[in-house]
Amino acid sequence: MLTLGEGDTPLVQASNIAAQCGVDELWFKLESCNPTGSFKDRGMVVAVAKAIEAGATGIMCASTGNTSASAAAYAAKAGLQSFVIVPGGKIAGGKMAQAIAYGSTILEIEGNFDDALQAARDVTAQTSIALVNSVNPHRIEGQKTAAFEICDQLGDAPDTLAIPVGNAGNITAYWKGFTECAERGLASRHPNMAGFQAAGAAPIVSGAPVADPQTIASAIRIGNPASWKGATAARDESEGLIEAVTDAEIIDAYKLLATREGLFVEPASAAAVAGLMKLHRERRSRGGRAVAILTGHGLKDPDVAMANLTPNVIKCGVSARDIRAALSL
Ligand SMILES: *Cc1c(COP(=O)(O)O)cnc(C)c1O
């Protein structure tokens, strides 16, 4: 038994931006409320428990940041060693701080996420260290529980499920979860899966791996998704879509979520909302009830916030008189 209190995250209804997303009802699944601030904890708790069960001497993952934060936390809790392989200089500050804080051994490589994952696969195949990337099926089993929660929270599956797609484990897991809900009578239908990649890292959209993926949304900066087939199966079986959104569209949604909904998420999470807004602009929305998965917390990546947001700061004196004058109150 292992837990840090993951799962059971809030589902909060949009107050202000549903119309801009072209839907009648918009809900946000706040995966930032997981213990390390992203959905990765749902799958990691299962993967680490199973690694212990199998007698692993440690765990290893490749990561754009959140997988390493999560792996490091659960390893610390379980008293296991963790090794995380990250692309040098490309990890958001908050995520790096987490891996350091939880006491992980960090291997910085010259290369991108896809190179890191290949290295992690090779090392774990040769040793008794368990691989805890989402190619580990226990990760998918843990992550699918979010779909169960949504069906519970809404009383049925939504019409549309909007989700960012990077390595594509999560869209695969949600589709598995919604399929199981429908099979067991916990939902009367399944949602259309609407996956969104960043335009500079959109291999599933273009149909070919991207050698040098680029986007501000580092959590989805992946050129050759491990769960590619799972993602296209989710898209096709649900009669959904997987499309690209630009970094500018991602930042617009990022700002809108924070200023209009009080939700500060990381850029990758904003891609789901950017995608809905794009469908609406192009008059391709399906309306109805949509759920957007807000996969990780805005505090993970303060550098992106400071570089892209315009602070409303007024320098002024310390007295009430100064402040009233500054604000014309
Ligand atoms: C991992 C991650 C994603 C992408 O999920 P995949 O399963 O790799 O497709 C999106 N957003 C955040 C915040 C993540 O940490």
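How many residues does helix 10 have, and how far does it reach from its first C-alpha to its last? Helix 10, which covers residues 247-261, has 15 residues and reaches 20 Å, close to the 21 Å expected at 1.5 Å a residue. The model is predicted, so to speak of local features requires pLDDT of at least 70 and side-chain atom pairs count only at pLDDT 80 or more, while totals for chains, interfaces and linings use all residues. Residues are numbered from 1 along each chain as its sequence is written, and side-chain values use heavy atoms, with hydrogens and water left out. Helices here are DSSP runs of H or I with at least four residues, and strands are runs of E with at least two, numbered from the N terminus.

Among the buried residues of helix 10 are Ile250, Tyr254 and Leu257, where buried means under 20% relative accessible area with a 1.4 Å probe, protein chains only. The buried residues of helix 10 pack against several elements, including strand 2 (25-30), strand 9 (241-245) and helix 11 (267-281). After helix 10 comes Gly262, whose phi is positive, near 70°.

The axes of helix 10 and helix 11, which are lines fitted to C-alpha atoms over the stretch in contact, come within 7 Å and cross at roughly 105°. Helix 10 and helix 11 are therefore roughly perpendicular to each other, a term for angles of 65 to 115 degrees. Where they meet, with contact meaning heavy atoms within 4.5 Å, Ile250 and Leu257 are among the residues from helix 10, and Ala270 and Met277 among those from helix 11.

Key: The expected span of a helix is 1.5 Å times one less than its number of residues. Buried means under 20% relative accessible area, exposed over 50%, partly exposed in between (1.4 Å probe, protein chains only). Axes are lines fitted to C-alpha atoms, for helices over the stretch in contact, and angles run from 0 to 180 degrees between N-to-C directions. Angles under 35 degrees count as roughly parallel, over 145 as roughly antiparallel, 65 to 115 as roughly perpendicular and the rest as oblique.
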